[in-house]
Amino acid sequence: MNDATGASRSDDQLLDAVAELWTRLDPPPDDLADGVLARLAVRDLEYELLTLVDSDAALAGVRSATMLRAPEETGTWSLEYLGPGFRVQLRISRRQRQARLDGWVSPPQPMTVMLSSVLRKGGVLEAQVSDSGRFEFPVAPAGACRMTFVTESGGRPQATPPFWI
Amino acid sequence: MSEVPESTAATGPGAPWGVAAAAFTRWREGDDDGFEELVRVLSPVLWQVVRATGLDRERAEDVVQTTWIALVDHAESITSAQGIAAWLCTSARREAWRVGRQSTRERPVDDQVLAHGLPDHDSPEEQVVLDDEATLLWACLGKLPDRCQKLLRIVASGPRPNYTDVASSLGMPVGSIGPTRGRCLDKLRHELTLSGGVR
């Protein structure tokens with residue numbers, strides 16, 4: 001600060017005064033820090049949702065429960081999801097009461113893929129994305145499932161919305 | 001972040017950088033209270049940094065939270081406790097610009113509305129009581145060109161940001177930030193002198 005001599009403030013002092021002014025004009029919400037701590041506390045439960053961009057035949061999430069209970073149902077369905085920096089194509093094949101799931105990640109990148117049943121807890125299947133971007137679950141669970149992708153660099157997991165196998 | 005670190009040297013006697021560095025060190029040594037202190041000390045600073053980019057309050061709060069999540073995810077890569085405030089502010093500023101660009105694409109907003117949610121200069125915040133000096137400073141800031149107001153708020157918030165970041169925010173060449181900052185400060189001093197205030 002200057003004094004009676006009238007010397008002007010340094011750039012940093014003047015900017016500090018500007019910063020101080022804004023602190024008073026535009027204070028943060030009182031619970032800003034609490035909100036941060038609360039969000040971090042539940043962070044482990046968080047994942048980012050991938051976006052369904054394409055599907056054929058039976059649509060993700062809209063196959064009826066009746067169809068699900070038809071164990072003889074056979075066929076192939078494909079789904080495609082878009083995430084931050086990657087795209088995932090899934091092909092679900094059902095024959096003879098068995099389901100198989102093949103996937104492709106593009107561009108290929110090292111990731112762990114987890115396939116879990118939405119309703120039945122536990123029993124999470126894991127696969128690694130290969131150098132060419134492929135992964136597979138030769139025996140997939142039936143019913144509503146969700147697939148979660150975890151990159152090696154950390155960050156939030158990316159998960160698909162539920163889809164039916 | 002492998003950028004030129006922001007300066008944390010000259011930002012006022014009340015600047016919490018030292019407290020933040022100590023809290024960060026305690027956290028890295030296993031004391032969770034250190035993390036909570038870090039959050040409480042620096043969240044208000046991040047708020048100013050993010051709001052200076054022009055985000056509305058709701059998005060600003062979200063960006064502050066995202067920035068802390070990024071810190072937890074990348075804590076291993078931060079080697080200098082002294083640089084923690086700079087790391088957080090740089091991350092917050094970039095995330096704020098990313099979010100700001102995204103929301104502009106989603107919903108074109110009139111430039112005036114986007115202009116930092118600046119309170120109206122004719123009615124300095126009824127609910128905030130400013131002393132004479134602050135009132136004068138506020139009035140003088142209001143006489144500067146909009147770009148100067150934006151730039152001064154950005155460079156004033158948090159540790160003094162590096163010019164690369166400021167340039168990308170304002171769409172100006174890096175080399176012009178220093179001189180522009182100088183001209184804006186000169187204009188502000190001029191207005192303060194005309195008003196008989198502390199320059």
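In the predicted model, chain A contains an open sheet of five strands in the order β2-β3-β4-β5-β8, with antiparallel pairing. Two strands are taken to pair if DSSP finds at least two bridges between them. Helices (H or I, at least four residues) and strands (E, at least two) are DSSP runs numbered from the N terminus. The edge strands of chain A are β2 (51–55) and β8 (134–140), each of which pairs on one side only. Neighbouring strands of this sheet are turned by 20° against each other on average, direction ignored; axes are lines fitted to C-alpha atoms, for helices over the stretch in contact, and angles run from 0 to 180 degrees between N-to-C directions.

Strand β5 (residues 98–106) of chain A is joined to β8(A) by five bridges, and the two run antiparallel. L101(A) has F137(A) in β8(A) as its bridge partner. R100(A) also lies in strand β5 of chain A. This residue has 16 C-beta neighbours inside 10 Å and therefore counts as partly exposed. A residue is classed as buried if 20 or more other C-beta atoms lie within 10 Å of its own, as exposed if 12 or fewer do, and as partly exposed in between, with C-beta atoms placed from the backbone. Leaving aside neighbours within four places in sequence, R100(A) is in contact with S93(A), P138(A) and A140(A), where contact requires C-beta atoms, placed from the backbone, to lie within 7 Å. The C-alpha atoms of R100(A) and A140(A) are separated by 5.3 Å, although these residues are 40 apart along the chain.

Chain A as a whole has three helices and eleven strands, and its elements run α-α-β-β-α-β-β-β-β-β-β-β-β-β from the N terminus on. Of the 165 residues in chain A, 25% are buried. Among contacts in chain A between residues at least 6 apart in sequence, 50% join residues at least 24 apart.

At the interface, 30 residues of chain A are in contact with 35 residues of chain B. Helices α1 (11–25) and α2 (32–41) of chain A each supply at least two residues of the side that touches chain B. The most is given by α1(A), with 13 residues. By class, this side of chain A has 16 nonpolar, six polar and eight charged residues; Ala, Val, Leu, Ile, Met, Phe, Trp, Tyr, Cys and Pro count as nonpolar, Asp, Glu, Lys and Arg as charged, and the others, Gly among them, as polar.

In chain B, eight of the eleven residues of helix α7 (residues 146–156) are buried, so this helix is largely enclosed by the rest of the structure. The buried residues of α7(B) pack against α1 of chain A together with α2 (32–52), α6 (132–142), α8 (163–170) and α9 (174–194) of chain B. Just after α7(B), G158(B) takes a positive phi of about 65°.

Helix α1 (residues 17–28) of chain B packs with α2(B) at an angle of about 150°, the axes being 7 Å apart. The two helices α1(B) and α2(B) are therefore roughly antiparallel to each other, a term applied to angles over 145 degrees. By class, the contact of α1(B) with α2(B) has nine nonpolar, one polar and three charged residues.

Residues are numbered from 1 along each chain as its sequence is written, and chains are lettered from A and ligands numbered from 1 in the order in which they are written. Because the model is predicted, local features need pLDDT of at least 70 and side-chain atom pairs count only at pLDDT 80 or more, while totals for chains, interfaces and linings use all residues.

Notes:
Two residues are in contact if their C-beta atoms, placed from the backbone, lie within 7 Å. Angles under 35 degrees count as roughly parallel, over 145 as roughly antiparallel, 65 to 115 as roughly perpendicular and the rest as oblique.
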